[in-house]
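Please examine the sequence and the model shown here before reading on.

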Amino acid sequence: MSNRKPKGTQRWLWTLVPAMIALAGGAHAQYNDRHYDDGYNGGPVRCESVKNRTRECPLPGRARLVRQISGSPCIEGRTWGQARGGVWVTQGCRAEFIAERGRPSHGGGWGNGGGWGNGGNNGRGQLVTCDSNDRRQRRCNVTIRRDARLVRQTSKSACIEGRTWGWDRNGVWVSGGCRGQFQVN
């Protein structure tokens, strides 16, 4: 075995590798934490309507759509909604949902006057409505310190994070006919 020290490039690589591993782990944890914090129960539950059939998925508490996966629209009350023990999806809606603590799993909700207490967001951030009309991209400027989440899709066109809607520190953008209400923190 040799006692040689690494030279130039080798030394630099051995310094960089641990830093990259630490950054990758932190980024992964940060992404996963988006749906696990602020008093929500557990992680997201994926519920999928296959061949346009209705499906129920268990979810303890009031369901909130956090990510639409399908190209078919997921519209609360039409293609997804609250079930006694969880959430239902139909007509090709495929999405991930989280359960919110301290909120009923049936009755009340967005269909009864625009939201849950305190302006529809229970004191957690601000609700912003952003609409892509004529399938054009639109930016809705608002300061975002932590994150933005789709809480209600109002369009028939799909709102898919990263494809037809997204956010950065300066606001929310929508495109492709996506219209919805977003909670920004």
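## Basis of the model

The model is predicted: local features need pLDDT of at least 70, side-chain atom pairs count only at pLDDT 80 or more, and totals for chains, interfaces and linings use all residues. Residues are numbered from 1 along each chain as its sequence is written, and side-chain values use heavy atoms, with hydrogens and water left out.

## Overall chain

The chain contains one helix and 12 strands; helices (H or I, at least four residues) and strands (E, at least two) are DSSP runs, numbered from the N terminus. Along the sequence, the pattern is α-β-β-β-β-β-β-β-β-β-β-β-β.

Of the 185 residues, 42% are buried, that is, under 20% relative accessible area with a 1.4 Å probe, protein chains only. Among contacts (heavy atoms within 4.5 Å) with a separation of 6 or more, 65% join residues 24 or more positions apart.

## Nonpolar core

The largest nonpolar core has 27 residues, and those with the most contacts inside it are Trp-80, Val-87, Phe-97, Trp-165 and Phe-182. Such a core is a set of buried Ala, Val, Leu, Ile, Met, Phe, Trp, Tyr and Cys residues joined through side-chain atoms within 4.5 Å. At least two core residues each come from β3 (62–68), β5 (86–89), β6 (94–100), β7 (126–131), β9 (148–153), β11 (171–174) and β12 (179–184). The largest share, three residues, is supplied by β6.

Leaving aside residues up to four places away in sequence, Trp-80 touches Ala-63, Leu-65, Cys-74, Ile-75, Val-87, Trp-88, Val-89, Cys-93 and Phe-97.

## An open three-stranded sheet

An open sheet of three strands is arranged in the order β8-β11-β10 with antiparallel pairing; two strands pair if DSSP finds at least two bridges between them. Its edge strands, β8 (138–141) and β10 (165–168), each pair on one side only.

Four bridges join the antiparallel strands β8 and β11. Asn-141 stands opposite Gly-171 in β11.

## Leu-59

Leu-59 lies in the loop between β2 (55–58) and β3. Not counting residues up to four places away in sequence, Leu-59 touches Val-45, Gly-85, Gly-86, Val-87, Phe-97, Ile-98 and Ala-99.

Leu-59 and Cys-47 are separated by 12 residues in sequence and by 9.9 Å in space, C-alpha to C-alpha.

Notes. Buried means under 20% relative accessible area, exposed over 50%, partly exposed in between (1.4 Å probe, protein chains only).
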